[in-house]
Amino acid sequence: MTEFTLPPLPYGADALASRHMSQETLEFHHGKHHQNYVNTLNKLVAEHPEFANSSLDEIVKKSYNKNNPVFNNAGQHWNHSFFWKSLSPQGGKIPGKLEKKIIEDFGSVDAFKEQFCKAGASQFGSGWAWLVLTPQNKLAISKTPNAVNPMALNEGKALLTVDVWEHAYYLDYQNRRAAFLKNFVDELANYEHAESLLSEA
Ligand code: MN3
C-alpha cells in the first residue's frame with residue numbers, strides 16, 4: 001500500500017524569516033498542519049482499498065467530488081507540497097522566459113501581480129491562489145477553496161501557489177491577508193521554479 005510521507009522543506013525553517021515568513025509559521029504550518037494531512041490521508045487510504053497503490057495525483061483526481069475526506073487530505077497534501085516549492089529564500093525575482101510570457105499574457109508584471117493578489121484576497125475563507133498554464137498554453141490566475149487545485153478542476157498545470165488560509169500568515173500578519181499576498185509576489189514567490197515547470201510543459 002502507498003504510504004505518504006511529509007516532504008522535507010526545501011530550505012531551513014528559518015530561511016524565509018528575513019522575507020517575512022517566520023520560523024514559527026513554517027514550523028507550525030509544515031510540521032503540524034501538513035503532517036496532519038499526511039497522517040489522515042494514510043489512515044483514510046488504508047480504510048478505502050480503491051485508493052491503495054494509487055499515486056497522489058491519481059487519488060486527487062479520483063476522489064474529487066466523490067470522497068470528500070480523502071480528497072480534502074490528498075488535495076491538501078498535494079497543495080502544501082507544491083506550496084513549499086513555490087517559496088524561496090531568493091524569492092521575488094522573475095527570470096526572463098517567464099517574465100516574457102507574463103507580459104504576453106497579462107500585459108505587464110504589475111498587472112499579473114495585481115490579479116494574483118486580488119484572487120488570493122477575494123478567496124473567502126480558506127483556499128489558494130494559483131498561476132496556471134492552461135491547455136491553450138496561456139498563463140491564467142485561478143483561486144480555489146479548501147483543498148481544491150487546478151489539477152482536480154482540469155484547469156491546466158499549476159506553476160505557482162500561495163496558501164491563503166489564516167494559519168499561513170496569522171502569526172506574521174494577523175488579519176492583513178493583502179499585505180501577506182503583496183509580500184508573497186514581491187519577496188517570497190519562487191519564480192525560478194515556476195519557470196522550470198513552464199519549460200517542461
Ligand atoms: Mn495551509
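His77 is found in helix α3, which spans residues 68-85; helices (H or I, at least four residues) and strands (E, at least two) are DSSP runs, numbered from the N terminus. The model is a predicted one, in which local features need pLDDT of at least 70 and side-chain atom pairs count only at pLDDT 80 or more, whereas totals for chains, interfaces and linings use all residues. Residues are numbered from 1 along each chain as its sequence is written, and side-chain values use heavy atoms, with hydrogens and water left out. With a relative accessible area of 5%, His77 is buried (buried means under 20% relative accessible area, exposed over 50%, and partly exposed in between, for a 1.4 Å probe and protein chains only). Leaving aside neighbours within four places in sequence, His77 is in contact (heavy atoms within 4.5 Å) with Phe4, Thr5, Pro7, His34, Tyr37, Val38, Leu41 and Leu56.

Helix α3 packs against helix α1 (residues 23-47) at an angle of about 145°, with the axes 9 Å apart. Axes are lines fitted to C-alpha atoms, for helices over the stretch in contact, and angles run from 0 to 180 degrees between N-to-C directions. The crossing of α1 and α3 is left-handed, that is, the near helix is turned anticlockwise from the far one by less than a right angle, clockwise being right-handed. Residues of α1 that make the contact include His29, His34, Tyr37 and Leu41, and those of α3 include His77, His80, Phe83 and Trp84. By class, the contact of α1 with α3 has 10 nonpolar, nine polar and no charged residues; Ala, Val, Leu, Ile, Met, Phe, Trp, Tyr, Cys and Pro count as nonpolar, Asp, Glu, Lys and Arg as charged, and the others, Gly among them, as polar.

The manganese ion is coordinated by His29 (NE2), His80 (NE2), Asp163 (OD) and His167 (NE2), at 2.0 to 2.2 Å. Donors are N, O and S atoms within 2.8 Å of the metal (3.2 Å for Na, K and Ca); water is not among the atoms, so sites may look incomplete. Along the chain the donors of the manganese ion follow the spacing H-x50-H-x82-D-x3-H. His80 lies in helix α3 and His167 in the loop between β3 (157-163) and α7 (170-173), so the pair ties together parts that are 87 residues apart in sequence. His80 is buried at 0% relative accessibility, and His167 is buried at 18%.

The largest nonpolar core has 61 residues, and those with the most contacts inside it are Leu87, Phe116, Leu139, Val162 and Phe184. The largest share of this core, seven residues, comes from α3. A nonpolar core is a set of buried Ala, Val, Leu, Ile, Met, Phe, Trp, Tyr and Cys residues joined through side-chain atoms within 4.5 Å. Not counting residues up to four places away in sequence, Leu139 touches residues including Leu98, Ile102, Phe106 and Leu198.

Gly120, in helix α5 (residues 109-122), is buried, with a relative accessible area of 0%. Outside the four places in sequence on either side, Gly120 is in contact with Ala129, Val164, Arg177 and Leu181.

Most residues other than glycine have a negative phi. His20, in the segment before α1, has a positive phi of about 75° and is partly exposed at 44% relative accessible area. Asn137, in the loop between β1 (127-133) and β2 (139-145), has a positive phi of about 65° and is partly exposed at 47%.
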